Amino acid sequence: MNVVSRIEAAAHGPVEIAMAGERMVCDPSGALYLPADRLLVVSDLHLEKGSSYARRGSMLPPYDTAATLARLADVVARLRPAVVVSLGDSFHDDGGAGRMPEPFREHLLQVMEGREWYWIAGNHDPAAPDNLPGRCVDELALGDLTFRHEPSKGGGEGEIAGHLHPGARIVRRGRSVRRACFASDGRRLVMPAFGSLTGTLNVLDRAFAGLFKRESLTAYMLGANRVYPIAGGALRPA
Amino acid sequence: MKLETDPPSGDSAARLPAPFREWFAARGWTPRPHQLELLKRTQEGRSVLLIAPTGAGKTLAGFLPSLTHLAERPKPKPGAAWQGVHTLYISPLKALAVDIQRNLTRPVEEIGLDIRMETRTGDTPAHKRQRQKYAPPDILLTTPEQLALLIASPDADRFFAGLRYVVLDELHSLVTSKRGHLLALGLARLRRLAPEAVGIGLSATVAEPEALRRWLVDQNPAGRMADIVTVAGGAKPEITILETDERVPWSGHSARYAIPAVYEAITRHKMTLIFVNTRSQAELLFRELWHVNEDNLPIALHHGSLDVAQRRRVEKAMETNSLSAIVATSTLDLGIDWGDVDLVIHVGAPKGASRLAQRIGRANHRMDEPSRAILVPANRFEVMECRAALEANYLGAQDTPPLGEGALDVLAQHVLGRACAGPFDEAEFFEEVRSAAPYSGLDAGTFSRVVEFVATGGYALKSYERYARIRRMKDGRWRITHPRVAQQYRLNIGTIVESPMLNVRLVRGGGRQRGGMVLGKVEEYFLETLAPGDTFMFSGRILRFEGIRENEAFVTSASGQDAMVPAYAGGKFPLSTYLAGEVRGMLADPDRWRTLPEQVSGWLRIQQEKSVLPRKEDLLVETFPRGDRSYMVAYPFEGRLTHQTLGMLLTRRLERAGARPLGFVATDYSLAVWSLGDMGGMIRRKALFLAELFDEDMLGDDLDAWLADSWLMKRTFRNCAVISGLVEKRHPGQEKTGRQVTVSADLIYDVLRTHEPDHILLQATWRDAATGLLDVGRLGEMLSRIRGRIVHKDLDRISPLAVPVMLEIGREPVAGSANESLLGEAAENLIEEAMGGV
């Protein structure tokens with residue numbers, strides 16, 4: 001029965017999963033939504049990545065922040081969360097929030113308006129953004145769920161983390177398809193990176209070693225308007 | 001042998017110093033007329049293009065001006081002023097530079113010249129390169145990339161101040177690519193640094209020498225040309241088409257039917273060079289030859305993906321004449337002399353006739369004896385193509401790809417290089433750039449945008465001013481903002497963006513062990529399509545793919561099995577425009593069928609009976625039902641790239657017309673589209689008009705819309721991004737893998753396309769894709785040629801001419817934007833699995 005309801009979900013946009021007794025929705029945008037708490041999670045926005053590279057001489061397009069914010073605004077307008085958790089690496093570096101051009105900052109403030117907002121510290125942005133509202137924390141707990149940037153070493157029961165930018169690859173009929181994905185074994189969930197200029201790391205890479213029970217790993221691959229749950233056994237290494 | 005010059009030479013003779021005259025005389029030789037002619041013209045300070053067939057003493061001719069000038073140069077007094085490099089030799093291949101040095105050493109020593117010659121390539125150790133900068137040799141033999149590095153150095157003006165000669169070898173092959181654009185810009189720089197220097201271009205026979213003559217000299221004002229010295233003739237090669245009683249296949253490229261005949265030819269010659277068009281063909285042929293190699297003849301394999309050490313062993317064996325035959329791809333193409341080759345066999349259609357001439361030149365490098373060559377067509381259309389190539393070769397009509405407009409990503413690289421050498425004035429530099437032939441049509445506005453791109457990325461949103469790499473100073477000149485910029489530039493130079501390659505390592509047992517032999521390198525995109533357990537052919541063996549670990553693909557031996565995945569096709573050549581025209585002409589003219597084998601001319605006669613054969617300038621379109629589908633087959637003969645683009649656009653239009661197309665397949669000769677709707681019926685009912693379907697306006701919106709999402713654009717953009725310096729090829733101390741570049745460049749492409757679709761780099765990408773991968777220019781010419789000349793034949797069954805392309809259906813992977821449905825399928829499978837378990 002459970003299986004059938006999942007199949008119906010798979011055919012229409014987002015996919016629902018359950019972890020630590022909590023129902024959550026993997027949205028095709030790469031955000032995670034917990035309807036019971038009206039809580040939205042996004043991870044690894046990497047805002048101002050373009051300007052971070054430009055500072056070092058690679059003139060990447062300065063539009064990544066605008067693109068990421070537009071997608072964030074979309075999903076917020078669609079799901080109307082009361083609480084938003086940005087799961088770390090919200091800015092590509094510590095100076096990112098300060099470098100953000102004023103119109104973008106205002107756009108972000110609009111999106112934040114009227115919502116409880118948490119900035120979780122990431123390895124790229126350990127310091128809190130000082131020109132933005134929202135609470136800065138290292139970790140966040142909600143019932144049996146824990147939100148943190150880097151997946152912990154232990155069993156990870158009920159852990160929702162980011163940092164690794166999971167992606168998955170399948171091969172069908174001689175063609176290879178690679179997409180960002182939510183990765184979960186039912187105990188732990190690693191979020192896809194939400195930022196526009198963020199690449200992916202294959203879930204079968206050794207960086208993920210020990211995080212998931214191999215036999216129950218599923219990659220929820222992001223399609224154009226759908227999320228495709230693919231069993232671990234069907235995945236290919238990078 | 002005949003010598004032609006233009007304009008006719010004057011009365012005065014070339015000055016050949018005494019030691020040279022004596023050297024020639026001592027060997028019972030006299031300098032050849034073209035050698036003297038070229039010497040005379042350069043002594044008059046003119047740049048010259050020398051066109052000569054292989055074996056005409058081109059190398060000595062090219063260096064005689066430099067050697068004689070160096071011989072007469074007064075000895076520097078002790079403590080005299082520093083002397084820079086005197087002669088620069090540039091070749092497309094590292095190996096060629098090394099080879100030329102070896103060939104020149106003998107005359108230099110025998111004449112007793114006190115000349116220092118050195119090579120400088122990517123392989124030259126850093127300390128030697130450093131020394132070369134402080135104590136330059138008299139003659140420096142190098143590649144276009146090294147030239148770019150040298151002129152980007154702050155002491156370039158000192159280094160090149162004494163430069164007198166620039167010798168450009170294999171010029172016809174240098175000029176057509178982005179490397180050629182980079183080299184043209186480098187040459188323009190050299191003309192400013194050393195105004196006295198004379199350019200000498202060495203080239204094989206080309207259809208349009210004027211383009212090369214312009215390329216050699218300052219194009220500001222446009223249209224000036226270098227002198228030309230042409231050596232015509234030489235013995236005509238003896239070329240035949242393989243005659244066989246075996247059935248020539250309808251389609252495919254393997255030429256398996258010809259193996260016994262090819263083997264027989266090998267046994268009758270000392271050393272046979274067998275050329276094929278793709279690496280997969282080379283692998284297959286090599287294996288098949290060993291199957292029939294009852295005499296255990298030493299037959300070797302040589303192609304670009306094999307391990308370097310393995311290639312060197314084969315080259316060594318060639319040099320010492322210890323091989324009977326060698327199966328090779330274009331890696332052996334350019335004028336390197338090895339061993340006593342007495343027969344060239346070309347398997348598959350030779351595509352461009354000039355390529356054929358070059359390959360046949362490989363056999364017997366003495367000009368007065370004819371080369372011997374056998375063409376082996378792999379299918380029936382190739383029989384016609386071979387025949388056309390053969391006639392073209394005898395007629396001396398040869399084609400080279402047209403010299404393209406200079407690429408903007410290359411220009412961006414050059415602009416940064418110029419700034420690294422020292423501050424520049426924009427207007428002055430613009431004039432210099434326009435003096436390079438590929439950029440003679442460049443407008444000041446575009447140039448400014450490229451400079452802006454180099455400075456801050458050139459974005460409409462001017463947010464990177466404070467991070468600029470180059471900046472305008474108070475005196476108006478541009479300079480780099482930090483020494484780090486120059487360092488980054490040096491690490492990112494070049495125009496060849498390698499497709500990411502992985503080592504193929506042979507291990508035993510399941511790939512768990514490390515440390516087997518490396519067989520060579522294979523493009524990542526090929527390996528991506530393999531699943532563990534798949535077998536494929538590489539390095540002459542059948543291998544089983546075990547998996548990828550870091551940058552290595554682990555394989556085990558699977559001898560005795562069949563290769564399941566035949567698709568490893570590195571390097572495909574398009575059919576040249578000229579040959580395409582010849583093949584169409586042959587098709588249209590039954591008188592010319594007499595030269596074709598009976599099974600091919602018979603095939604054409606049946607086609608004439610059952611359908612029709614188009615006239616040379618017409619386009620035949622056939623429609624017929626088969627199974628529960630409707631097929632449309634068109635025969636433009638414009639090459640696979642053009643047909644692929646045409647196929648993409650036709651299916652879009654057929655979709656709009658309600659024909660419900662399902663797919664298409666393209667070959668070099670024709671194109672088949674199939675649909676659920678009855679296309680023949682729609683044409684009869686006037687619900688579909690072929691003239692509208694094939695209208696040139698498809699190159700407008702349809703092309704734009706299709707391209708925007710195409711992976712072709714992403715791949716092209718990635719190259720442009722690396723060459724232009726937007727994405728770094730390497731960081732100091734940390735080399736990025738090709739994979740990382742791919743990912744980030746794709747994301748950049750998406751962001752840029754959404755937010756600044758007119759960005760200069762997207763324009764550069766579009767231009768590249770249109771000329772290279774899509775052949776839009778050629779498609780446009782074809783569409784305009786066939787306007788009002790479409791011949792439609794509505795048939796009730798497949799025609800003989802349609803058989804070859806119909807046989808290709810199913811061999812091709814599904815094209816188009818099928819990715820989402822593939823993901824869907826994979827998810828459905830999961831569902832089936834889950835449902836089965838309930």
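Start at A:His46, which is buried in this predicted model, with 27 other C-beta atoms within 10 Å of its own. A count of 20 or more is enough for that label, so A:His46 qualifies. You'll find A:His46 in the loop between β4 (39-42) and α2 (49-55) of chain A. Its backbone is worth a look too: phi of A:His46 is near 50°, a positive value in a residue that isn't glycine. Most residues other than glycine have a negative phi, and most peptide bonds are trans.

B:Phe637 is not a glycine, yet has a positive phi of about 55°. B:Phe637 sits in the loop between β23 (629-634) and α23 (640-656) of chain B, and is buried, with 28 other C-beta atoms within 10 Å. For a peptide bond that isn't trans, go to the step from B:Asn220 to B:Pro221, which is cis with omega near 10°. B:Pro221 belongs to the loop between α10 (209-216) and β8 (227-232) of chain B.

Now zoom out to chain B as a whole. Among contacts in chain B with a separation of 6 or more, 74% are between residues 24 or more positions apart.

Where do the buried nonpolar residues gather? In soluble globular proteins, nonpolar side chains tend to be buried together. Here, the largest nonpolar core has 175 residues, and those with the most contacts inside it are A:Val41, A:Cys181, B:Leu50 and B:Val450. Helix α16 (residues 408-421) of chain B is the top contributor, with 8 residues. At least three residues come from each of domain 1 (2-74 + 82-232) and domain 3 (408-496 + 706-771) of chain B. Apart from this one, a second core of 104 residues includes B:Val344, B:Ala580, B:Leu619 and B:Val621.

Finally, look at how some helices of chain B pack. Helices α1 (residues 18-26) and α4 (residues 94-111) meet at an angle of about 110°, with axes 10 Å apart, and are therefore roughly perpendicular to each other. Their crossing is right-handed. B:Pro19, B:Phe20 and B:Trp23 in α1(B) meet B:Pro107, B:Glu110 and B:Ile111 in α4(B). B:Ile259, B:Pro260 and B:Tyr263 of α11(B) make the contact with B:Glu288, B:Leu289 and B:Val292 of α12(B).

Definitions and conventions
Residues numbered from 1 in each chain as written. Chains lettered and ligands numbered in written order. Predicted model: local features only at pLDDT ≥ 70, side-chain atom pairs only at ≥ 80, totals over all residues. Core = buried A, V, L, I, M, F, W, Y, C linked by C-beta atoms within 7 Å. Buried ≥ 20, exposed ≤ 12 C-beta atoms within 10 Å, placed from the backbone. Helix = DSSP H or I, 4+ residues; strand = E, 2+ residues; numbered from the N terminus. Domains from an automatic or database assignment. Axes fitted to C-alpha atoms, helices over the stretch in contact; angles between N-to-C directions. Parallel < 35°, antiparallel > 145°, perpendicular 65-115°, else oblique. Left-handed = near helix turned anticlockwise from the far one by under 90°. Contact = placed C-beta atoms within 7 Å.
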